[in-house]
2 protein chains.
Amino acid sequence: MIKKTYLVSPGPVPIPEDALVEAARPIIHHRTDIFSGIFMEVAEGMKYVFGTKRDVFILASSGTGAMEAAVANLLSPGDEVITINGGKFGERWGEIARAWGLNVHEIVLEWGQPFTGEQLAEELKKYPKAKAVFATLSETSSGSVYDIKSFAQATAKTDAVLVVDAISGLGATPCPMDEWGVDVLVAGSQKALMIPPGLAYIALSEKAWKLTETSTLPKYYFDLKAYKKSLGKKTTPYTPAITLIIQQKKTLEFIKKIGLETLFEHHRILADATRSGVKAIGLELLSKIPGNIATAVKVPEGVDGAALVKTVQKKYGVYIAGGQSHYKGKLFRIAHLGYMGAFDIITALSAVEMALDEQGYKFEMGASVKAAMEVFRREWK
Amino acid sequence: MIKKTYLVSPGPVPIPEDALVEAARPIIHHRTDIFSGIFMEVAEGMKYVFGTKRDVFILASSGTGAMEAAVANLLSPGDEVITINGGKFGERWGEIARAWGLNVHEIVLEWGQPFTGEQLAEELKKYPKAKAVFATLSETSSGSVYDIKSFAQATAKTDAVLVVDAISGLGATPCPMDEWGVDVLVAGSQKALMIPPGLAYIALSEKAWKLTETSTLPKYYFDLKAYKKSLGKKTTPYTPAITLIIQQKKTLEFIKKIGLETLFEHHRILADATRSGVKAIGLELLSKIPGNIATAVKVPEGVDGAALVKTVQKKYGVYIAGGQSHYKGKLFRIAHLGYMGAFDIITALSAVEMALDEQGYKFEMGASVKAAMEVFRREWK
């Protein structure tokens with residue numbers, strides 16, 4: 001058999017063809033009017049995706065770079081902060097904060113368990129000196145989405161700012177920065193923004209910007225004041241990732257044309273179909289608060305999870321993801337993110353079914369695909 | 001919903017990514033050593049696909065251009081010929097032959113009905129002056145593959161040459177020119193050769209080449225003697241389709257690496273899965289001699305075939321094909337051709353199922369996908 005490759009992992013994601021070919025065009029210089037025009041279109045367009053009137057800064061880095069920028073620009077050595085760790089990416093906030101010498105109060109959650117604004121309010125009472133709360137919108141390691149709106153309601157009543165890693169969620173699930181009162185929002189290019197990795201985005205509220213005035217942590221490449229100054233000159237302080245920004249312009253046009261509301265619906269329907277599919281063959285979700293970005297599914301009893309993922313990837317060419325950290329071998333994850341459509345979900349489900357069958361798991365072959373198709377039939381307008 | 005486009009039509013077909021990007025490289029000049037090297041690699045490589053030691057000429061034209069070249073190079077006004085018309089492409093042989101003033105004996109078959117070498121032998125007895133028999137390897141309009149080997153056995157005993165349109169079949173289903181004794185074999189680039197349309201290929205046996213000596217039909221662009229002369233100089237008489245030839249080099253490497261035998265198996269398995277799938281939801285094939293290139297399925301009673309194809313294409317973005325000529329609205333066709341994999345078939349079947357369901361056709365949702373998956377599970381090594 002000819003093995004074709006299908007990407008259904010939570011980043012990188014499939015890229016719209018129009019944006020793909022942009023990277024093959026002759027490169028242009030970045031200190032030119034033409035690039036400045038493109039750059040500003042992206043900077044302005046991102047405000048729509050962020051739901052903000054504040055500046056959105058464009059960094060040539062992974063999403064983690066923008067997470068680090070948030071820490072380095074807002075805080076000073078020994079500052080107290082709260083991090084919410086409900087999975088691999090929530091854990092990363094703690095790792096960064098500790099690496100930068102902060103005094104970290106880490107809330108460690110069971111992966112996939114809910115955490116509410118009221119619970120956060122309790123923590124804020126416990127640590128009244130906390131200057132910042134670091135949270136995650138979409139925790140792809142457990143397939144969860146947290147209630148960021150309620151977190152913002154909790155931090156709003158305190159001096160702490162709410163810093164949200166929305167890397168995998170922004171554009172796929174709602175997180176309107178200004179409306180909800182998020183203070184720092186961080187995004188990455190290779191998720192719902194539908195281009196390759198290499199760009200990160202960050203925006204700061206007035207409350208967050210004030211913290212930058214007192215922050216004494218060292219910074220140069222990620223110094224957001226430099227980015228603010230450069231943005232006024234329609235450029236970046238250091239060489240921008242030119243082709244990625246050009247590609248981002250293309251997918252932003254696509255996103256604006258479709259509209260965020262429709263995109264959220266699209267992701268919801270794909271997620272519903274995925275969840276219905278896996279449940280129909282007797283599988284369980286890890287998360288009690290499943291989001292619309294990626295579905296984390298427990299590997300059933302008697303099935304070798306590592307072998308399952310390997311078969312789906314290597315034999316069938318379908319790049320689902322496995323479990324991370326202590327869930328390695330115990331989960332598989334199907335993403336419904338970026339430029340994916342209904343038939344990518346059907347592809348993922350059928351590949352998983354064939355691999356489960358290969359391991360002798362008992363189920364009705366085709367049932368997951370059938371369940372997904374029923375969702376599409378009902379929802380596809 | 002974001003609608004992605006999937007191509008499961010019998011040409012053009014999906015193109016391997018490595019070959020796609022070749023077209024985006026800076027164009028090179030064709031009267032250069034570097035192009036001559038690429039050109040000769042394609043000309044030599046095509047011998048492997050044709051199963052011949054004869055020259056394979058590369059034309060900048062559609063497959064139909066090479067069909068016309070066969071007629072114009074072999075025959076003279078008023079020559080008697082036999083054409084086998086079992087579908088839209090067999091019919092085309094008759095149209096071309098009549099346009100060129102030949103005396104055409106057309107064997108008109110029901111679409112999808114078999115026609116054997118013995119039957120052809122009978123026709124040859126009836127028309128002993130026939131100089132050529134024009135046949136079709138893979139008739140995509142009806143999803144049939146004819147027994148070319150038996151046709152060649154029939155013509156071998158006569159003065160007639162056997163000219164075979166293998167445009168959609170070559171590379172997907174066996175047709176070894178020298179071994180079977182085919183006199184003229186015609187192929188096109190956009191089918192199992194997996195690149196965009198624009199190139200046609202033609203090779204002539206010794207017996208066919210002799211006919212070119214006496215042919216008086218007018219020709220210039222398609223004069224194969226000019227191509228033969230140029231091939232000796234590692235080039236073409238007129239400007240070649242440079243980027244297509246470069247892309248063809250890339251997919252020929254892919255084809256040679258996989259090997260024709262494996263490719264034939266791949267197409268057989270995809271075709272088996274498609275046939276099992278449609279039968280599982282109560283549908284019938286049109287052809288009694290179904291091939292492994294495209295499956296033509298009868299639209300069931302009570303279903304509007306034109307609307308069905310339109311829904312699958314426009315709503316679900318899955319480009320299956322409809323019926324042609326008098327089967328317009330009465331067939332849909334799923335191809336399993338070129339750079340397609342198992343999940344392209346599953347995509348096509350699930351889109352067809354959803355569209356059938358939309359029209360109230362009664363069947364067990366998911367059954368076609370299940371049947372296809374069972375074939376893949378059994379056959380996928």
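Let's start inside helix 10 of chain B, where B:Leu244, B:Ile245, B:Ile246, B:Gln247, B:Gln248, B:Lys250, B:Thr251, B:Leu252 and B:Ile255 are buried. Keep in mind that this is a predicted model. The predictor gives the complex an ipTM of 0.90 and a pTM of 0.94. For chain A, pLDDT averages 97, and 100% of the residues score at least 70.

**Helix 10 of chain B and what surrounds it**

- What do the buried residues of helix 10 of chain B pack against? Their partners are helix 1 (17–22), helix 2 (33–50), strand 2, strand 10 and helix 11 (260–280) of chain B.
- You can check the length of this helix yourself: its 17 residues (242–258) should span 24 Å at 1.5 Å a residue, and the end C-alpha atoms are 25 Å apart, so the two values agree.
- Just after helix 10 of chain B comes B:Gly259, which takes a positive phi of about 95°.

**Strands 2 and 10 of chain B**

- Strand 2 of chain B, one of the elements that helix 10 packs against, covers residues 56–60 and is mostly covered itself, with 4 of its 5 residues buried.
- In which sense do strand 2 and strand 10 (residues 199–204) of chain B pair? They pair in the antiparallel sense, over 5 bridges.
- To find this pairing on screen, look for B:Ala60, which stands opposite B:Leu199 in strand 10 of chain B.

- B:Thr5 sits in the segment before strand 1 (6–7) of chain B.
- Is B:Thr5 buried or exposed? B:Thr5 has 11 other C-beta atoms within 10 Å, and 12 or fewer counts as exposed, so B:Thr5 is exposed.
- Even so, B:Thr5 has partners from elsewhere in the sequence: leaving aside neighbours within four places, B:Thr5 is in contact with B:Gly317 and B:Tyr319.
- The C-alpha atoms of B:Thr5 and B:Tyr316 are separated by 8.0 Å, although these residues are 311 apart along the chain.

- Over in chain A, 3 strands form an open sheet with antiparallel pairing, in the order 11-14-13.
- Which strands are at the edges? They are strand 11 (294–298) and strand 13 (321–322) of chain A, each of which pairs on one side only.
- Strand 13 of chain A runs antiparallel to strand 14 (residues 331–335) of chain A, and 2 bridges join them.
- Within strand 14 of chain A, A:Arg333 is the residue that stands opposite A:Ala321.

- How many residues does each chain bring to the contact? There are 30 residues from chain A and 30 residues from chain B.
- On the side of chain A that touches chain B, helix 11 (260–280), helix 13 (342–358) and helix 14 (367–379) of chain A are the elements that give two or more residues.
- Helix 13 of chain A gives the largest share of that side, 9 residues.
- Sorted by class, the side of chain A that touches chain B has 17 nonpolar, 6 polar and 7 charged residues.

Definitions and conventions. Residues numbered from 1 in each chain as written. Chains lettered and ligands numbered in written order. Predicted model: local features only at pLDDT ≥ 70, side-chain atom pairs only at ≥ 80, totals over all residues. Buried ≥ 20, exposed ≤ 12 C-beta atoms within 10 Å, placed from the backbone. Pairing = 2+ DSSP bridges. Contact = placed C-beta atoms within 7 Å. Nonpolar A, V, L, I, M, F, W, Y, C, P; charged D, E, K, R; others polar. Expected span 1.5 Å × (residues − 1). pLDDT = per-residue confidence, 0-100.
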